[in-house]
Amino acid sequence: MPKSFEVQVEPSVLEWARVSAGWTIEEIGEKLNKSGRVIESWEAGDENPTLSQLSNLADYYKRPLAALLLPEPPKEPPLPHDFRSLQGENTVRLSPKTRFAMRRARRLQLIAKDLMGEPLVEISKRIGSAGISDNPELLAQKSRDLLGIEIKTQFDWKDNREALRQW
């Protein structure tokens with residue numbers, strides 16, 4: 001198996017990825033079976049990780065490998081306030097698992113926000129709506145006309161699975 005090659009990375013991106021994921025230098029060193037000094041030298045720009053090591057970092061940081069190859073750390077919103085501790089007390093360090101869950105929740109919020117935009121309004125206008133008292137036969141015919149499917153074609157489908165594929 002060929003030896004993995006070193007990859008030039010922006011040191012501040014490596015530090016951002018580690019800190020934002022909630023890992024200490026020592027913890028990542030243990031995961032990679034390296035000393036903390038090696039991780040520090042990567043984050044200082046004195047040495048470069050190999051592609052294999054970078055791939056492992058991406059797995060531990062729960063980031064795509066491409067994120068570790070960025071020219072600079074991306075802007076991220078700060079972590080929300082932790083209401084489990086009083087102001088002025090030592091704050092509890094959030095685990096990498098918790099930080100990942102928070103990043104994932106933010107991503108899902110952004111997706112939901114995008115889905116709530118104008119395109120859904122346009123789609124619902126095209127599809128229309130129906131009420132409980134509407135004639136189902138007329139609604140079905142209207143839907144077939146809208147989608148360009150003849151009733152004979154619909155009856156020729158073998159089963160529900162084929163119908164779903166065709167719709």
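Guide: Here we go. The protein chain has nine helices and zero strands, where helices (H or I, at least four residues) and strands (E, at least two) are DSSP runs, numbered from the N terminus. This is a predicted model, so local features need pLDDT of at least 70 and side-chain atom pairs count only at pLDDT 80 or more, while totals for chains, interfaces and linings use all residues. Residues are numbered from 1 along each chain as its sequence is written, and side-chain values use heavy atoms, with hydrogens and water left out.

Visitor: Why is R144 called buried?

Guide: Buried means under 20% relative accessible area, exposed over 50%, partly exposed in between (1.4 Å probe, protein chains only). R144 has a relative accessible area of 8%, so it counts as buried. It lies in helix α7, residues 136-147.

Visitor: Which side chain does the side chain of R144 make a polar contact with?

Guide: That's Q141, at 3.2 Å. A polar contact is a pair of N or O atoms within 3.5 Å; within protein, one must be able to donate a hydrogen and the other to accept it, and residues adjacent in sequence count only if both atoms are side-chain atoms.

Visitor: Which residues does R144 touch, not counting residues up to four places away in sequence?

Guide: I149, E150, I151, Q154 and W167. Contact here means heavy atoms within 4.5 Å. As for Q154, it sits ten residues from R144 in sequence, and their C-alpha atoms are 8.9 Å apart.

Visitor: Why does R63 count as buried?

Guide: Because its relative accessibility is 13%, and the limit is under 20%. R63 is in the loop between α4 (51-61) and α5 (96-115). Its side chain makes a polar contact with the side chain of E76 at 3.0 Å. Beyond neighbours within four places in sequence, R63 is in contact with W16, S20, A58, E76 and R103.

Visitor: Is L65 buried or partly exposed?

Guide: Partly exposed, because its relative accessible area is 31%. L65 is also placed in the loop between α4 and α5.

Visitor: Which residues of helix α3 are buried?

Guide: In α3 (residues 36-44), they are I39, S41, W42 and E43. These buried residues pack against α1 (11-21), α2 (25-31) and α4. Just after α3, G45 takes a positive phi of about 85°.

Visitor: And what percentage of the protein chain's residues are buried?

Guide: Buried residues make up 25% of the 167 residues.
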